[in-house]
Amino acid sequence: MAAFTAKDVQALREKTNVGMMDCKKALVEADGDMDKAVEILREKGLASAAKKSTRVAAEGVIGVYTDGNASALVELNCETDFVGNNPDFKALANAIAKTVVEKKPADMDALNAAVIADGTETVAEAIQTLFLSVRENLKLRRFELVEGTAVSYIHAGGSVGVLVSFDTNNTGDEFTAMAKNVAMQVAAMSPEYLTKDDISADELANMKSIIVESSLNKADTLPKPILMDCIKEACEKKIWSDADIAAYEEQKNNKFLFNFLSKEAIPQLAEIALSHKAEIADNKIFAGAVMGRLNKQLKESCLLEQDFVRTDLFEGAVAGYIAKVAKDLGAEIKCTGYVRFAKGEGIEKKVDDLAAEVAKMVK
């Protein structure tokens with residue numbers, strides 16, 4: 001029998017967070033050698049982790065750390081909310097973020113190989129150690145390092161994390177409060193760009209093309225002169241059915257005209273509009289409507305052009321709010337960028353079909 005006591009089992013349990021029986025078996029196999037027992041548990045954990053590695057890990061937490069000169073966000077994923085809310089899991093995510101700031105790894109491989117902040121294990125080993133306790137697929141998905149002045153915001157216990165960077169000669173409490181409000185704006189409104197200047201000519205052209213296509217596909221919302229030309233063609237070329245043509249002649253002065261037409265009538269108008277795409281796109285009225293929609297989309301997708309959500313503090317664009325605070329402080333403040341991580345974004349989650357599972361069980 002291996003030479004160890006119940007206190008040794010408890011000590012190994014406290015050191016690894018692994019169950020008591022697993023700790024006892026490891027000590028038996030290690031003949032009481034504590035360090036060897038830890039290695040045995042880790043090796044068994046690696047084998048178990050490999051089996052679980054294909055399971056979807058779309059829950060988790062966004063970890064954050066800043067030291068005033070640099071800041072980092074990391075996304076650490078797990079399988080369930082239960083583990084995602086585990087204090088040890090959250091602490092590990094924040095420790096990895098601190099590691100990013102201290103070690104400034106070039107990529108994910110370098111981060112996994114780095115010794116974790118305030119510890120002796122590598123980041124990969126620390127994740128494996130936590131796996132031994134929680135027994136879920138754990139994945140360090142991504143990280144972002146921001147040099148210079150940045151202010152962070154973590155929403156809903158780590159479901160969303162934001163860093164907003166600034167060039168400024170004032171980092172006092174008033175600046176920090178303003179920056180935190182901007183970070184909350186990013187978390188809430190999820191902008192795609194900082195300003196319109198960050199959008200390439202190709203991206204703008206693509207956005208405009210999509211708006212043109214969608215506008216033509218909603219023929220009943222086309223400017224009236226264009227709509228009437230499309231209706232005229234539908235009638236003269238017998239694209240519309242006789243019933244729709246008759247309904248139009250009877251109801252053409254009715255503002256609810258489309259309520260009297262068949263479900264095929266509007267798609268047929270859209271086909272006519274699309275066939276004249278180049279001509280309609282050059283129409284001054286249509287082009288103006290497209291630019292109006294494009295400008296609205298840009299305002300919604302560019303952080304500094306967005307309406308500031310804290311209307312109790314400022315009414316206007318985010319850029320105006322920053323400028324007002326800078327003026328009030330007599331400071332120079334320029335927002336230079338942001339990073340926004342939302343846990344699990346882009347990961348396809350498994351959707352359980354309870355009815356199908358029950359049906360399968362009773363067959």
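Let's start with the open sheet: three strands in the order E4-E5-E6, with antiparallel pairing. Its edge strands are E4 (149–155) and E6 (333–342), each pairing on one side only. From one strand to the next, the twist averages 15°. Strands here are DSSP runs (E, at least two residues), helices are H or I runs of at least four, and both are numbered from the N terminus. Two strands count as paired if DSSP finds at least two bridges between them.

This is a predicted model, so local features need pLDDT of at least 70 and side-chain atom pairs count only at pLDDT 80 or more, while totals for chains, interfaces and linings use all residues. Residues are numbered from 1 along each chain as its sequence is written, and side-chain values use heavy atoms, with hydrogens and water left out.

Back to the strands: seven bridges join E4 to the antiparallel E5 (residues 160–168). Among the partners, Thr149 bridges to Phe166 in E5, and His155 to Val160 in E5. E4 and E5 form a hairpin with four residues between them, and Ala156 in the turn has a positive phi of about 50°.

Contact means heavy atoms within 4.5 Å; axes are lines fitted to C-alpha atoms (for helices over the stretch in contact), with angles from 0 to 180 degrees between N-to-C directions.

| Helix | Lies across | Angle |
|---|---|---|
| H8 (residues 173–189) | E4, E5 and E6 | about 135° to E5 |
| H15 (residues 318–329) | E5 and E6 | about 135° to E6 |

Now a helix pair. The axes of H9 (residues 201–217) and H12 (residues 265–275) come within 8 Å and cross at roughly 140°. H9 and H12 are therefore oblique to each other; the other classes are roughly parallel (under 35 degrees), roughly antiparallel (over 145) and roughly perpendicular (65 to 115). Glu213, Leu216 and Asn217 in H9 meet Ala270, Ala273 and Leu274 in H12. By class, the residues of this contact are four nonpolar, one polar and one charged. Nonpolar means Ala, Val, Leu, Ile, Met, Phe, Trp, Tyr, Cys and Pro, charged means Asp, Glu, Lys and Arg, and the others, Gly among them, are polar.

Finally, the largest pocket is lined by 17 residues, with Leu92, Glu121, Ala126, Thr129 and Leu130 nearest its centre. A pocket is an open set of points on a 1 Å grid over the protein atoms alone where a 1.4 Å probe fits, with protein on both sides within 12 Å along at least five of seven lines; lining residues have an atom within 4 Å of a point. The lining comprises seven nonpolar, six polar and four charged residues.
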